[in-house]
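Dear colleague,

Please find below a structure that I am handing over to you. I would be grateful if you could read the notes after it with the structure open.

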Amino acid sequence: MNRRHFGIATLLGLTLALIVILLLLPQVALGKDSASVSQADAPLQPRRDDGVDKTADLFLPTDKAAAAGIYGQVTYQGNPIEGISLQLQLCDYTGSSWMCSTRAYTTTQADGSYQFTGAPSLGIDQMYRVTYRNSGDPNYVWGWWGPFISSYTAGSAVAGSSFDIANIPLLSPANDVTVTLPYTFEWTPRSATPSDIYEFDLHDSETDRTWMAPVSHTGSYTLEILPTGFISGTRYAWNVWVNSPDGGVGASREGRWVTILGPTYEYPHAVYLPIVSRPPGGINGRITYQGNPVSNISLDLRFYDGTSWSTKATVKTQSDGTYQFASIFIFSLQANQKYKVRYLNTQSAGNVSNPNYLLSWFGPDITSYRAGANAAGGDADIANISSVAPADNVTVSLPCTFQWTPRAATPSDSYGVYIEGVVVYKSFESGPLGYVSNYTLHSLSPALSAGDQYDWAVVVYTPGGGLGYSRDFRFITFSGTGLQAGISQPDSSNSLDLERLMELRKARGR
């Protein structure tokens with residue numbers, strides 16, 4: 001669910017049900033049977049991310065005496081603006097979602113600056129962010145949400161968000177009219193802030209389906225064809241969002257209704273394709289089984305903070321196999337931080353243990369991410385890879401040939417062999433070999449020893465940088481080290497990162 005959509009009450013006495021979402025960001029639902037309406041005029045429902053008591057723990061003074069704190073500057077049309085009320089939110093991860101509550105208020109000074117001082121250090125799975133809500137001025141954006149602050153120590157100085165609150169006026173079409181595709185939607189860009197990146201937003205308030213298109217610093221977007229799931233002749237809401245370079249986002253104060261006539265994108269018969277509509281900001285991809293979409297597969301979003309890994313969110317795949325970790329879960333990455341998507345074929349990970357699926361799959365490391373942006377978490381087919389030889393729990397001499405059955409439905413696979421110590425954390429990975437069915441190990445890697453017991457499995461390297469492991473791990477012992485001299489391995493060994501090593505052991509119940 002996109003954090004960027006907000007509710008507007010029905011005009012002239014008619015009210016649409018407002019959609020409650022995470023992280024203090026309402027959904028767009030514009031009034032029916034009326035002219036356009038300011039979003040700031042809409043009464044707001046209580047939101048889950050507001051917490052039980054919005055005014056609890058007001059621990060911060062509003063003075064600027066101390067240099068430390070969470071700070072920034074607010075401008076209007078490029079000029080500093082005084083007296084703008086801001087909130088500091090503390091967000092806690094509950095294990096499945098983020099819950100945010102307002103912990104302090106302050107106002108901007110004559111130079112547009114603000115500062116929240118006295119904030120406690122962040123704990124594990126906590127974040128701060130600075131927000132702004134328009135109290136009714138038609139010249140200002142409806143709201144602003146700064147980037148998440150994932151690391152903060154009491155007494156330190158950290159940038160919250162610096163942003164401009166000038167509104168983004170919508171031009172055409174007028175509110176509640178019918179247009180025929182192709183049609184160009186227009187608005188007025190903010191000339192004082194050329195670093196803005198705009199996004200055209202189309203929203204179905206009945207199904208909560210959202211489609212957004214980034215359009216850089218421009219004032220128009222031409223919609224050629226209705227995105228997947230949107231129906232010709234249906235009334236939708238549209239508005240414009242603005243992204244700042246530091247990862248903050250704002251929304252135009254006005255939103256409008258439009259009925260759209262035109263062709264709709266449809267999947268070709270019996271051919272599975274990824275959704276062509278731009279998903280809301282976040283990390284996304286698609287999971288298949290033997291080439292076909294598979295639903296209800298539980299996936300974790302893993303976060304590395306520079307020291308250790310933790311799970312930040314869990315989602316399930318949809319009927320078309322797609323998954324989406326929406327931007328409400330995700331903040332901008334700092335130095336030495338990264339994300340990746342993980343699948344485990346275990347009940348503890350929310351999946352029914354299935355012998356037909358891979359034991360696990362890990363998406364590529366995402367080392368650069370700006371809050372609100374889109375990033376590929378990786379596409380994968382989770383059909384298992386059947387091992388052929390050697391048999392389980394045998395002792396072999398070198399050279400030894402490992403064999404398996406390639407997956408016919410995914411010829412883009414590249415395979416390899418993974419060997420891991422049963423007692424000690426030592427491992428060897430052949431690296432990608434291509435779409436093959438065997439690998440011959442001529443000599444032991446320096447990481448491995450004769451006489452010790454190891455597990456071995458088949459590795460599949462998926463397009464985009466992900467990799468999965470066969471469900472069948474077999475025991476093997478090497479009687480000798482093989483020909484250490486004069487034999488060059490066809491592949492170099494790779495050092496398996498501790499995250500994957502520990503998760504593989506967890507998946508196998510060890």
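The notes below concern aromatic rings and the charges placed over them.

This is a predicted model, in which local features need pLDDT of at least 70 and side-chain atom pairs count only at pLDDT 80 or more, while totals for chains, interfaces and linings use all residues. Residues are numbered from 1 along each chain as its sequence is written, and side-chain values use heavy atoms, with hydrogens and water left out.

Across the whole structure, the search finds 25 aromatic pairs. Rings of Phe, Tyr and Trp (its six-membered ring) pair if their centres lie within 6.5 Å; planes under 30 degrees apart count as stacked, over 60 as edge-to-face and the rest as tilted.

One of the pairs is W144 with F163, which is stacked, at 5.0 Å centre to centre and 5° between the planes. W144 belongs to strand 8 (residues 143-145) and F163 to strand 10 (residues 163-164), so this pair ties together parts 19 residues apart in sequence. Strands are DSSP runs (E, at least two residues), numbered from the N terminus. Both W144 and F163 are buried, that is, under 20% relative accessible area with a 1.4 Å probe, protein chains only.

Y339 and Y369 have ring centres 6.1 Å apart and planes at 85°, so their pair is edge-to-face. Y339 is buried at 0% relative accessible area, and Y369 is buried at 6%.

Ring pairs also link Y183, F185, F200, Y221 and W238 into a cluster.

Finally, the charged end of K340 sits over the ring of W309, 4.6 Å from its centre; this requires NZ of Lys or CZ of Arg within 6 Å of the ring centre and within 35 degrees of the ring normal.

Yours sincerely

Key:
Helices (H or I, at least four residues) and strands (E, at least two) are DSSP runs, numbered from the N terminus. Buried means under 20% relative accessible area, exposed over 50%, partly exposed in between (1.4 Å probe, protein chains only).
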